[in-house]
Amino acid sequence: MKLTVNGTNHEVDVDPNMPLLWVLRDELNIKGPKFGCGIAMCGACTVHLNGNPIRACSFPVSAATGEITTIEGVGTPNAMSAVQEAWVEHQVAQCGYCQSGQIMSATALLNNNPAPSDQDIDTAMSGNLCRCGTYPRIRAAIKTAAANIQASKATEIELGADAPEGV
Amino acid sequence: MGKLATITRRTFLLGAVAITGGVVFGYWKYKQPYGNPLQKDLDDGEAALTPYVLIDQDGITIIAPRAEMGQGIHTTLAALVAEELDVSLEQVKVIHGPASNAYFNAAGFEEAIPFAAIDESSMAERARNFTRIPAKFLGMQLTGGSSSTPDAFEKMRMAGAAARESLLQAAAQKLGVQATSLSTHAGKVLTASGDSFDYTELAEAAALIEPSAEPTLKSQANWKVLGKSQARVDVIPKSTGTAEFGVDVTLPGMLFATVRVNPNLLNPMNAYDASKAESMRGVEKIIEIENGVAVVATNSWYAFQAAKAIEFDWQPANYPKTTSELRQIVVDSFAAGADSKHRDDGDVDAALNGAEIISGEYEVPYLAHATMEPMNATAWMRDGMIEIWAGNQLPTQIVKEAERITGLPEDAITVHTPYMGGGFGRRAELDFAKQAIEIANAMPGTPVKMTWTREEDTCHDYYRPLALAKFKAVMGDTEPTAIDLELAAPSVASSQFGRLGVPAAGPDIFIVQAAWDQPYGVENYRVRGYKADTVFPVSSWRSVGASQNAFFHESMMDELAAAKSLDPLQMRLNLITHEPSRKVIEAVGELSNWGAELPAGHGRGIAFCLSFGVPTAQVIEVAEQDGKIKILNAYIAADVGTALDPRNVEAQLSGGMHYGLAAAMMGEITITDGKVDQTNFHNYNSIRMNQSPNVEVAILENGDRIRGVGEPGTPPAAPALANAIYAATGKRIRRLPLNKEVSFV
Ligand code: FES
Ligand code: FES
């Protein structure tokens, strides 16, 4: 079976019913996505499939056709995404176990909705549990990330056609 | 266990040990519960030294020998050292324990220091010995409870200060000047003429200097790191998916396992049939373990699937099989006589006699811990040694269990403590680590990572006990004149300590925790505890007895105020006898704009609880919307004595409150036919983003000493919410979870 994760192609030989999460974690050693419940109730395993957030614990690998992005593909410690930067700025993480999933849900939200309201945040984020109760900081970090993304877009527009790709 | 926690200044000894190209600073020793042959030169009964600071050519490493469960302790412990060492947190690496390369590469320990009585004969032995040291330290920290924070507060600062003084001395010797002519800044020693030397280049020379046993600590006014909000040392790994939790441990050739054990808790398995499972894809081995079976496979999911396919004959529960029967034991305990009467002011019986009595009965259910990361552990048996990776709060006990299961000697056992995806008390239990050890014992040479399904986790917890309360009270015009509070619960102390083989003698203080000791002056005031037979496994759950008793006590206070139409905040101020507590209540009043008019359908509730030495008050504001309760705002004021890292204190208070709110709103474990009914987050749910209130926190520092803050945010949450619902709707709810009586948005 072929799989594209964070831009890299992989070939795996597993039961086609195996949830994507366990292919990522135990076969490909990609451990940012976490196991929390296995029944799509906690969001710890959230990854993107073609840009949309999915619960990898309940998504058969055979259906995962397209580009899979995990937290590792969103940013790295030395090159964090705007969402991750905001997570650090607000010191969101406590135990941190849910945060890969939270960041993946938040990233998908902001990709589709650059200026989410509180209501939008509630809708997009309520599938992600945090037993440490970091919700107020998650909300604040999403708003910061949204503002920063908007600001950098504005700069891009000002710079006009000369702006380099990916500002 | 209590006596292990008493680490006095007298038993504290600082030292330095030379290692290749560097130095390790800051040891202290403590009374050793069992002999360690590797440290034979120590005074009888004293051993085990824990290094805090390591400086070598690679930089400065601070060892934070305490389990990071999310409470930010690594950052705070590192900040204590950094402050006195005169470095910033960005300049140091923080590690969990000394299972670090530096130790394995250590070439020679200095003989001269009295406590480095390390057997020089075997490098491996030495490395293992150091690896296990923090295990002992950790175990002790846990039993030290609230005393461990003040303890680290002094010792880690002293380690940093002693290291800094030695580095100054080393520089002075090198230059032939007085140390007093030198200063330090940001990891460098500076000379009067403007030259500077990195600590790393002075480290080897510093190792030869006998450190001061009584280094001078900075005054609080001169703190540069402490008292300021720090970036957590783990925040970038935890924001990029790169932090390694127990469940992420990866070893060469590792296999994956899961277990199924008897859902009739702690009862044996009679028989099992794994004939179907054996031939399933990926299955490598099926192993009988205590009370059940482990399935080892090439992928965790294969193990889960195969474990599901095994048929079991479980021995039935050896305890009453339903919640109502278990509850009846608690009910009956009231008749059996009090276990404790820690508060008995005035003459309650006389005061109640013939007076107009207000009374009520309260109840809370069993609760699961439900950490986000399900229980898991990895173990690897090879070459007559076993290594265990387990996010845990009691490594010393894991070593003992490994000795028992494998027959290996203590010095062949190594326990690693990775990041934990939540603890809340659950990871002080040993079951999951024992299972990983049993599996490794059956598969020598192969590392195996054992992960529980969420179902196994929810159904095999050691639960917060179901508890009951009854009160009778008499009201005066402005405050109660008599309170008689009776509290009954199974004993966490005898259940939990019993499993650790430690007898829990005397009354169980947890049954009355944060009820008998509240700083209210009531003329006639009695709090009695009743110990129910502990037949169903219970354990510490964030804030332990305070988690239920604050609900009982503070709902009662609200009822008493309401009975005379008194302002519940003002009534508490009338009663309070402890100044820092008074200020906390006043602060939460100000923060919440208490007393200001609210829109129709809104209500505010207040609760106060002094737990773990931290007076904490919360005000919660709710609104009734289309017949449902929406939690709008939450205000918290707490006095931690000294806030070493205010932003982290705020996070802990808010997080602790959310944990308490989740339980108050919807947390309930029930038992049918001996088994727990709830299985996963769909029927043991938790508070979510759309239910989380805005939170404002005021941190006060009027208390007499520094306090830990991981737990005190939890207890007031349930009563503050219940009291708010009463204010908004007139409905007094005396039994948790609240969603039995109201719906939440
Ligand atoms: S593990 Fe996938 S939603 Fe919980
Ligand atoms: S940070 Fe611990 S579960 Fe979210």
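1. Which residues in helix 15 of chain B meet which residues in helix 16 of chain B? In this predicted model, helix 15 contributes Glu554(B), Met557(B), Asp558(B), Leu560(B) and Ala561(B), and helix 16 contributes Pro568(B), Met571(B), Arg572(B) and Leu575(B). By class, this contact has 6 nonpolar and 3 charged residues, with no polar ones.

2. The geometry of that pair is as follows. Helix 15 of chain B spans residues 546-563 and packs against helix 16 of chain B at an angle of about 105°, the axes being 9 Å apart. The two helices are therefore roughly perpendicular to each other, since angles of 65 to 115 degrees are counted that way.

3. Helix 16 of chain B (residues 568-575) also packs on helix 17 of chain B (residues 579-591), here at about 165° and with 10 Å between the axes. An angle over 145 degrees counts as roughly antiparallel, so helix 16 and helix 17 of chain B are described in that way. Their crossing is left-handed.

4. On the helix 16 side of this second contact are Leu569(B), Arg572(B) and Leu573(B); on the helix 17 side are Arg582(B), Ile585(B), Glu586(B) and Gly589(B). The class count is 3 nonpolar, 1 polar and 3 charged residues. Arg572(B) is listed in the contact with helix 15 of chain B and again in the contact with helix 17 of chain B.

5. A further pair in chain B is helix 11 (residues 395-406) with helix 12 (residues 431-442), packed at about 35° with axes 10 Å apart. The crossing of helix 11 and helix 12 of chain B is right-handed. Helix 11 supplies Ile398(B), Glu401(B), Ala402(B), Arg404(B), Ile405(B) and Thr406(B), while helix 12 supplies Ala433(B), Lys434(B), Ile437(B), Glu438(B) and Asn441(B). By class, 5 of these residues are nonpolar, 2 polar and 4 charged.

6. Turning to the interface, how many residues does the contact take from chain B and from chain A? Chain B gives 64 residues and chain A gives 55. About 4,800 Å² is buried between the two chains, with 59% of that area on carbon and sulfur atoms. Within chain B, the residues losing the most area to chain A are Trp301(B), Met372(B) and Met689(B), which together account for 18% of what that side buries.

7. A search of the whole structure returns 37 salt bridges over all chains, and the rule finds 4 across the interface of chain B and chain A. One salt bridge joins Glu650(B) to Arg137(A), with the closest N and O atoms 3.3 Å apart. Another links Arg281(B) and Asp13(A), where the closest N and O atoms are 3.1 Å apart. The latter pair runs between loops: Arg281(B) sits between helix 7 (275-278) and strand 13 (283-289) of chain B, and Asp13(A) sits between strand 2 (8-11) and helix 1 (20-27) of chain A.

8. Two backbone details in chain B deserve a line each. The peptide bond from Leu736(B) to Pro737(B) is cis, with omega near 0°; Pro737(B) belongs to the loop between helix 19 (717-729) and strand 31 (743-744) of chain B. Asn291(B), which is not a glycine, has a positive phi of about 65°, and lies in the loop between strand 13 and strand 14 (292-297) of chain B.

Terms used
Residues numbered from 1 in each chain as written. Chains lettered and ligands numbered in written order. Predicted model: local features only at pLDDT ≥ 70, side-chain atom pairs only at ≥ 80, totals over all residues. Heavy atoms only, no water. Axes fitted to C-alpha atoms, helices over the stretch in contact; angles between N-to-C directions. Helix = DSSP H or I, 4+ residues; strand = E, 2+ residues; numbered from the N terminus. Parallel < 35°, antiparallel > 145°, perpendicular 65-115°, else oblique. Left-handed = near helix turned anticlockwise from the far one by under 90°. Contact = heavy atoms within 4.5 Å. Nonpolar A, V, L, I, M, F, W, Y, C, P; charged D, E, K, R; others polar. Buried area = accessible area lost by both parts, 1.4 Å probe. Salt bridge = Lys/Arg side-chain N within 4 Å of Asp/Glu carboxyl O.
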